[in-house]
Amino acid sequence: MKNARQREPSVIPGFGITLGFTSFFLCAIVLIPLAALVLKAAGMDWERFVAVITSPRALASYRLSFGASLLAAGMNMVFGFAIAWTLVRYEFPGRKIIDAIIDMPFALPTAVSGIALTTVFAANGWIGQYLEPMGIKVAYTWIGITVALTLIGMPFVVRTVQPALQEVQRDLEDAAETLGAGRFYVFRRIIVPTVLPALLTGFTLAFARAVGEYGSVIFIAGNMPMKTEITPLLIVIRLEEFDYAGAAALGCVMLAISFVMLLAINLLQVWGRKRMMVSR
Amino acid sequence: MSIALDQVTKRYQDQPVVNDVSIDVGEGEFFVLLGPSGSGKSTLLRAIAGLTGIDHGRISLHGKDVTHVRARDRGVGLVFQNYALFRHMTVADNIEFALRVRRMKAADRRARRQELLKLVALEGMDERLPGQLSGGQQQRVAVARALAHKPQVLLLDEPFGALDAKIREELRRTIRAVQRELGITTVLVTHDQEEAFALADTIGVMNHGRLLEVGQPTDLYAQPATRFVATFLGAANLLLANQSVDGIRFGATPVSAAGTDVAHSGRESEVVAVLRPEEVELALAREGLSSNYIARASVEEIVFTGALERLRVRILDAPCAAQLLGGTAGEALVEVTRTQPERRDLPLRAGAHVVIGARRLHVLPTPLSSFLACAPTEAAAAQLAHEPLLESLSTRMKTRVGLRVIDLSAPAPIPLAGVAAIQAGTEAANTVEWLLRHGAGEVLVLPHNAPSPTRVFIHWTEEAARRATLAVSASLLRHVSAEAVYLGIVPEGPAGTGRAAPMRALLDARSEAQHDHRLEMRTELAVGETVAELTRNLSAGTSQMLVLGITNVTHAASAYRSLLAAQPGWPVLIVYRPPETRAAPEIAA
């Protein structure tokens with residue numbers, strides 16, 4: 001028997017080099033810092049670790065961080081889809097400009113967007129002054145945090161859903177229509193299932209970004225312990241107190257929760273993709 | 001009538017993509033819409049399905065006007081080229097989609113689904129996903145899905161386009177069988193003439209948004225009325241022949257021809273004839289031919305294609321070669337196909353000298369054969385021949401533009417053949433008069449750089465010119481994507497008097513255009529002085545053109561002088577038939 005696993009020559013050589021480079025890069029900028037974080041946290045004894053990560057202030061911050069992030073990502077899923085739909089399906093003056101503006105939150109320093117949002121939504125701001133009499137306080141509350149997180153996460157959803165929507169063949173909708181389906185039925189049964197994987201990807205990205213967001217939130221949050229204090233801010237506060245181990249412990253918790261949530265979403269997507277298109 | 005389209009027009013950005021199409025499809029008929037890409041056939045199909053709105057006209061399904069009915073309420077089944085299956089649903093869910101929408105009970109849905117899967121020979125595939133099926137199987141599912149709700153009409157948009165040859169043929173047979181079994185009225189769109197022949201009860205050929213001809217496959221192939229249909233349905237050699245009372249003459253040799261019913265004027269006229277490759281006979285010498293001798297030729301190229309041998313032969317006799325249309329300039333090549341027995345009887349190699357004969361020649365009933373650019377000097381004539389409108393017309397009509405130097409002070413030395421084209425201007429009226437007096441039947445007056453028209457007005461002064469004008473207009477409009485508008489003009493008079501007769505003439509004109517020339521045209525009635533009204537209508541938009549029918553040269557030359565001299569002006573095609581020709585006997589085939 002001759003060598004059964006003869007490798008097919010690839011057009012682009014250097015699989016070894018590229019894999020090596022990939023692993024090196026991943027180690028150097030992702031895995032080693034994360035390991036250092038875990039190691040630092042491991043320096044504390046177990047009781048202290050538990051005490052730090054379950055302190056009422058920490059628990060409140062998790063709730064706010066992940067709650068606001070989920071809410072923001074969810075909102076982005078709805079509105080990002082609407083924006084992507086508008087950009088893909090309609091031809092109108094200024095479409096190109098709007099398309100370009102979508103990417104602004106990517107490019108803007110987060111502190112700038114935080115300050116801008118605070119200015120607008122503060123009790124005497126452009127929008128805040130009208131919301132105030134209605135009893136809606138945005139700046140310095142969890143609402144403000146959600147607004148900031150929605151802003152920075154929005155491009156992720158739009159940019160992932162856009163190509164997927166472009167691929168939804170008009171023929172599919174036409175086919176459904178000739179078969180007697182109304183518009184809402186077509187939307188629900190044809191369009192949404194087709195773009196769902198992309199929508200979930202967008203959601204995941206927006207969520208991940210929101211959880212890690214710091215710069216824009218601290219300006220609009222007001223940072224009141226137990227009320228409007230996000231976990232990243234709590235970590236910074238711990239660092240400023242030179243409590244490196246405490247900061248690392250909180251970091252580990254964030255890491256764990258984020259990892260579990262992202263894993264869950266990814267699994268959901270894999271399952272969905274299997275159902276959707278077996279071969280493509 | 002199962003499907004009735006009445007003057008359906010669809011425009012995109014003012015360009016008509018479907019132009020005044022009227023079709024009647026009978027109950028249970030398999031109708032194939034055939035045309036090249038961009039001919040508007042798919043748009044028309046989508047309009048029938050209700051997915052595309054139309055700008056003008058009416059669509060009826062089974063006697064019910066559905067022009068303004070939404071697609072989902074029309075009760076049609078539509079099959080797409082790329083299947084358009086819902087990829088996230090199983091075969092069963094795909095097929096049951098229409099039934100689910102209609103809230104049919106699960107048990108009934110299942111029964112219907114089994115029935116349909118049996119019909120398209122896909123039993124047991126219920127739980128597969130589209131991605132797990134081959135292209136042919138997916139299209140079968142699409143057909144089953146389109147039939148689930150028992151539509152009155154089945155529409156198929158290039159359903160075999162994405163499949164390879166073997167599968168295509170198999171699926172073709174399935175679709176024909178299903179259609180026969182259900183007796184469902186079916187419209188299929190394709191650009192493949194072989195497919196059209198294999199499936200159709202009736203074929204409608206479209207080009208530039210117009211429906212050119214409708215007929216049974218065999219009739220359309222043997223007796224096409226237009227050069228487009230002649231060349232699109234199978235290969236065809238087009239040639240210019242001369243027709244007179246004595247018969248058809250090609251170059252110097254008389255040939256017998258079938259299917260001639262050109263309105264004939266006694267004098268010799270130029271006609272366009274179709275010579276199918278399989279109707280060409282090859283022999284080594286003139287005595288060896290069993291059919292009519294045409295010319296000497298040399299074999300240029302031989303291609304073996306299995307059942308048939310394809311040859312291209314070059315005509316060696318100069319006068320004959322000049323009469324051959326199509327191909328590139330100076331390339332007097334005739335396409336020939338021979339069967340294996342023919343090939344065995346006379347094996348040929350490239351370079352061999354042969355003679356060719358025509359077993360059957362079909363004369364097209366088109367009055368526009370070729371163009372003749374006429375000008376006072378050779379250079380001006382050559383320049384005129386390169387006018388964009390003339391160039392595009394001659395290319396689209398697959399015909400040639402000859403050059404002729406004319407001298408208005410002398411009689412014409414050789415008879416004029418084809419449509420004479422002249423430059424517009426102050427001298428135009430005199431030139432037109434001279435040309436018409438020297439035997440020209442049609443004169444095209446061209447302003448410099450005139451664009452291809454988007455609207456063609458048709459008008460005639462005397463009813464005697466009606467038939468010829470309509471024939472010429474129909475022939476012209478097959479080759480430009482423009483709307484045709486017949487402009488009836490009544491002189492100003494006391495209100496209410498004498499309007500009925502012109503109105504009747506208008507309707508007569510429309511129905512004659514429709515029935516005798518397959519020309520769909522709009523009609524408008526104007527009140528006023530003829531030339532003023534024509535000028536007003538022509539000036540009302542850009543890219544307009546006029547076809548003007550006359551029977552009296554002297555009168556026309558004076559009456560239309562200002563129209564022809566207008567700046568920048570419009571292309572005007574003058575159709576002249578002297579009144580006495582009406583009595584001339586028609587020549588039998």
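This is a predicted model: local features need pLDDT of at least 70, side-chain atom pairs count only at pLDDT 80 or more; totals for chains, interfaces and linings use all residues.
Figure 1. Residues are numbered from 1 along each chain as its sequence is written, and chains are lettered from A and ligands numbered from 1 in the order in which they are written. Helices (H or I, at least four residues) and strands (E, at least two) are DSSP runs, numbered from the N terminus. Helix H9 covers residues 170-178 of chain A, and its buried residues are Leu172(A), Asp174(A), Ala175(A), Ala176(A), Glu177(A) and Thr178(A). A residue is buried if 20 or more other C-beta atoms lie within 10 Å of its own, exposed if 12 or fewer, and partly exposed in between, with C-beta atoms placed from the backbone. The cover over these buried residues includes helix H10 (183-212) of chain A. From chain B it includes helix H1 (41-49), strand E6 (76-79) and helix H2 (91-101).

**Figure 2. Contacts between chain B and chain A.** In this view, 21 residues of chain B are in contact with 22 residues of chain A. E6 and H2 of chain B are the elements that give two or more residues to the side of chain B that touches chain A. That side consists of twelve nonpolar, six polar and three charged residues. Contact requires C-beta atoms, placed from the backbone, within 7 Å. Ala, Val, Leu, Ile, Met, Phe, Trp, Tyr, Cys and Pro count as nonpolar, Asp, Glu, Lys and Arg as charged, and the others, Gly among them, as polar.

**Figure 3. Chain A as a whole.** Chain A has 13 helices and zero strands. Its C-alpha trace spans about 70 × 60 × 30 Å along the principal axes. Of the 280 residues in chain A, 32% are buried. Among contacts in chain A with a separation of 6 or more, 78% join residues 24 or more positions apart.

**Figure 4. A five-stranded sheet in chain B.** The sheet is open, with the order E15-E19-E16-E17-E18 and antiparallel pairing. Strand E15 (280-283) and strand E18 (333-339) of chain B are the edge strands, each pairing on one side only. Two strands pair if DSSP finds at least two bridges between them. Strand E16 (residues 292-304) and strand E17 (residues 308-315) of chain B pair in the antiparallel sense over seven bridges. Val313(B), in E17(B), is the bridge partner of Val299(B).

Technical notes. Two residues are in contact if their C-beta atoms, placed from the backbone, lie within 7 Å.
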